Amino acid sequence: MVSILLSHWMRERRNPFLLLLFIGISIIATLMFGGGMTQKMKIDVFSETGELKESEKEWLLLLNKGDTFKFRAQDEQSARTKVREGRADLAVKLTGDDYRIIAVKESPNAQLAEQHIRTVFERELELRAVSAAAGDEKGFRSRIDTYLEEPPLTLQVKGTDGEELLRYDMGLQLMFGFSLFLVMLTIGFKVNTITKDKITGIWSRLILSPVRKSEIYFGHLLYSTMIGIVQITVVFLIFRYAFNFGLGHRYGLLLLVIALYSMTIVAMCILLAGILRTPEKFNMLFPSIVPIMPLVSGVYMPPGTITSPILLGVAEIFPITHAMEALTGIAIYDNGIGELWLPLSKLILIAVLCMGIGINLMERRHV
Amino acid sequence: MGIYFKKDILLFWRDRKEVLVALLLPIALTLILGFALPGWVNNSNPSLEMKVALVNQNRHTEGVARFHEQLKGSLLSPDEQDGLVEETAMLDLDPEAMLMGMFRSEDVSRYIEVLQLDHETAYTKLKAGEVTAVITIPETYTLDSLNKLLLNEGDGAALLLTAEEDTTKVSVLQNMLNGLLSTVNYQAALSHAAGSGSDGSTWSAPRTPVGGLERIEGVRMITSFQYFAFAITIFVTLSISITMASKSITEKREKVFTRLLYSGARPMQFQLGKMASTFCIALLQMLVVILLSHVLFQLFPGRPLSFWLGLGIFMVLLCAVVAAFAGLFTAMVFRMKDGDVAVGISFIALILLGVIGGSMVPMYILPDWLMEVGRLTPNGLALTSLIQWIQGTPLQELWLPMLSLGIYTVIIMAAGLWMFPKKGGI
């Protein structure tokens with residue numbers, strides 16, 4: 001087995017360009033996609049008359065008081081184009097003391113935003129009317145503000161254990177999601193060398209050598225898994241120390257999840273390679289199949305958004321679903337191994353099944 | 001060139017199964033995503049459907065009675081006391097009625113189901129995942145809230161929302177409850193502030209904002225089905241260029257190309273044949289996927305022929321870019337010592353294009369500057385202009401993306417032809 005690992009290593013040393021390119025670009029891409037995420041959804045605001053007037057800037061301040069949306073001034077042209085091109089769900093037009101929502105796509109975000117904007121406008125207009133009647137406008141506002149600092153009715157949100165409910169960190173989820181997604185490409189590319197070896201005849205020579213079949217497969221598995229672990233670890237370290245993402249404090253468990261996930265992906269790629277046989281076919285279908293997995297698993301959406309039983313069922317067979325569950329569990333909810341055994345054992349189950357069927361297919365068919 | 005064209009089409013025909021998968025994949029995906037997020041299609045929001053338990057431990061009438069007793073024992077004058085008693089009656093502050101009123105309203109009852117339970121059952125159900133959250137009204141809620149609202153004494157009352165973890169549903173519920181409570185708070189603040197200044201009834205009714213959606217004549221809303229159908233189809237079409245390039249690896253390995261050169265063929269024709277066949281296959285695939293999705297999901301009911309022709313124009317332009325990419329990638333395969341490196345690079349390029357062009361992830365989660373770059377990618381251009389075309393934008397306003405797609409085709413094709421080995425170059 002050591003000889004297989006060594007042969008891989010020698011290959012990499014002679015021609016390191018491609019692997020480094022894959023890892024490098026994946027890391028850069030994760031940084032690009034994951035680094036600029038903000039929690040708040042950005043909504044463009046523009047005025048009917050062009051420039052935002054002073055009074056309209058006040059509206060902007062009031063709208064920004066919530067913590068779900070970030071409203072920002074934009075010129076009308078670009079705000080409208082963004083909506084029309086489908087790059088933003090909605091934009092807001094201010095017309096003096098009124099507003100209009102610009103949207104062309106139906107989305108839950110537009111509904112939520114409309115609710116928020118409506119409340120802000122109704123309150124402020126009422127406040128203006130009342131304070132105008134009361135005369136002393138400034139004093140009136142400050143009285144209201146002090147009163148509302150200690151409101152009579154409040155809502156306490158708690159977890160079942162009586163502790164504060166932890167805020168879910170969407171930025172962290174996206175970072176995890178992108179790194180798990182992009183590592184699939186690197187691993188897939190690496191595993192594809194098996195089919196290439198078969199075609200170039202290297203595989204036949206390996207079989208004739210004293211190395212055992214199990215060692216050959218295990219060597220491939222181990223090597224590709226290590227590549228995956230290295231890539232994800234580098235990404236996580238960069239995000240932890242350069243971008244200050246909180247990854248929890250159970251680094252050992254994180255590493256365990258990363259290793260299991262990499263192994264499962266290798267197994268999945270071996271299954272695909274077993275089904276598709278030639279490197280060309282692998283290259284043909286792999287890029288179409290891989291991007292679907294994070295999409296269906298709901299990696300890009302807040303947890304709980306997807307409720308369709310079909311979709312949830314389909315997501316169960318993708319390793320990324322379980323790895324995401326484990327990673328967010330560790331980093332956000334500080335889960336220990338007691339809570340993690342379910343997603344982890346699912347990962348192992350997928351790995352074993354894929355590997356079993358995949359190797360069987362590979363052995364049965366001859367190129 | 002014709003003979004090369006035929007050869008490449010035959011190459012595809014030999015891999016019918018893979019082509020079929022590439023055809024079915026986008027359809028299946030649209031189906032899944034379209035059903036998963038039906039809330040985007042019609043206004044009710046089933047993805048937010050939830051069950052909520054309401055535990056009422058509050059003794060409302062007792063609270064009111066105790067408040068009245070408290071008043072009698074206070075130092076207030078009898079007149080003031082009567083006024084406050086009257087106000088309690090007017091406020092009608094039964095929290096249970098207030099909450100149930102909200103949950104029973106037409107908008108909310110469509111997706112929230114409320115179960116009135118006792119404390120134990122509610123928590124067992126929460127742990128079992130049968131309810132999303134438990135709302136608890138504490139025992140002294142009425143008394144505390146009356147004290148604070150009318151006398152400005154004490155810390156006020158608090159509702160308790162308990163949930164297993166922070167999900168979208170819980171935040172929606174939280175927002176809703178906060179909205180309800182803050183309305184009461186706000187009214188109280190208003191009357192409190194006004195009460196110490198004027199008598200409170202002199203102000204004129206405030207203007208309510210009109211708000212709502214701006215309707216633009218002739219613009220149609222896009223459904224999520226339409227959006228996904230195109231986003232996914234565009235990406236799968238784009239990946240045909242990789243398929244074509246990978247097939248060239250075999251041709252390179254089996255020395256097909258070298259043999260062709262010996263027969264006196266011109267390399268240029270070989271590559272043009274590849275591009276032409278890619279164009280046809282890509283167009284065929286897009287047409288089948290879009291037409292099939294149309295039949296299955298009623299994508300564009302009742303649209304005129306001119307609409308379909310416009311759709312066709314964009315598809316042709318996109319497929320031309322895909323063909324040009326196939327040419328470029330093929331040239332890279334022949335030029336580089338290791339054909340796999342070439343395919344690997346093309347593969348990465350394609351995934352990056354897919355992500356920033358909005359074909360694989362919802363575009364709004366990307367940072368701003370990437371979004372700007374993304375709209376300049378060929379697939380991004382095709383997607384955004386198709387979206388605009390579906391909305392009913394006239395073709396004259398879309399000439400810029402059309403021209404850009406054309407320019408992309410020319411540049412990429414030129415690069416591919418330039419890179420392709422010349423006669424005697426191999």
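**View 1. No salt bridges join chain B and chain A.** In this predicted model, the interface of chain B and chain A has zero salt bridges (a side-chain nitrogen of Lys or Arg within 4 Å of a carboxyl oxygen of Asp or Glu). Helix 9 (residues 168–195) of chain B contributes the most to the side touching chain A, 20 residues; helices are DSSP runs of H or I, at least four residues, numbered from the N terminus. That side of chain B holds 66 nonpolar, 33 polar and 19 charged residues (Asp, Glu, Lys and Arg are charged; Ala, Val, Leu, Ile, Met, Phe, Trp, Tyr, Cys and Pro nonpolar; the others, Gly among them, polar).

**View 2. The contact between the chains.** Here 118 residues of chain B meet 97 residues of chain A, with contact meaning heavy atoms within 4.5 Å. Together the two chains bury about 10,300 Å², 65% of it on carbon and sulfur atoms (accessible area, 1.4 Å probe, lost on being put together, summed over both).

**View 3. The second largest cavity.** This cavity has a volume of about 90 Å³ (the space filled by probe spheres set on the grid points, joined across faces, edges and corners). On a 1 Å grid over the protein atoms alone, a cavity is a set of points where a 1.4 Å probe fits but cannot get out, and lining residues have an atom within 4 Å of a point. Its lining includes A:Ile292, A:Leu295, B:Ile232 and B:Phe235. Helix 10 of chain B gives the largest share, three residues. The lining divides into eight nonpolar, two polar and no charged residues.

**Notes.** Residues are numbered from 1 along each chain as its sequence is written, and chains are lettered from A and ligands numbered from 1 in the order in which they are written. Local features need pLDDT of at least 70 and side-chain atom pairs pLDDT 80 or more, while totals for chains, interfaces and linings use all residues, and side-chain values use heavy atoms, leaving out hydrogens and water.

Key:
On a 1 Å grid over the protein atoms alone, a cavity is a set of points where a 1.4 Å probe fits but cannot get out, and a pocket is an open set with protein on both sides within 12 Å along at least five of seven lines; lining residues have an atom within 4 Å of a point. Helices (H or I, at least four residues) and strands (E, at least two) are DSSP runs, numbered from the N terminus.
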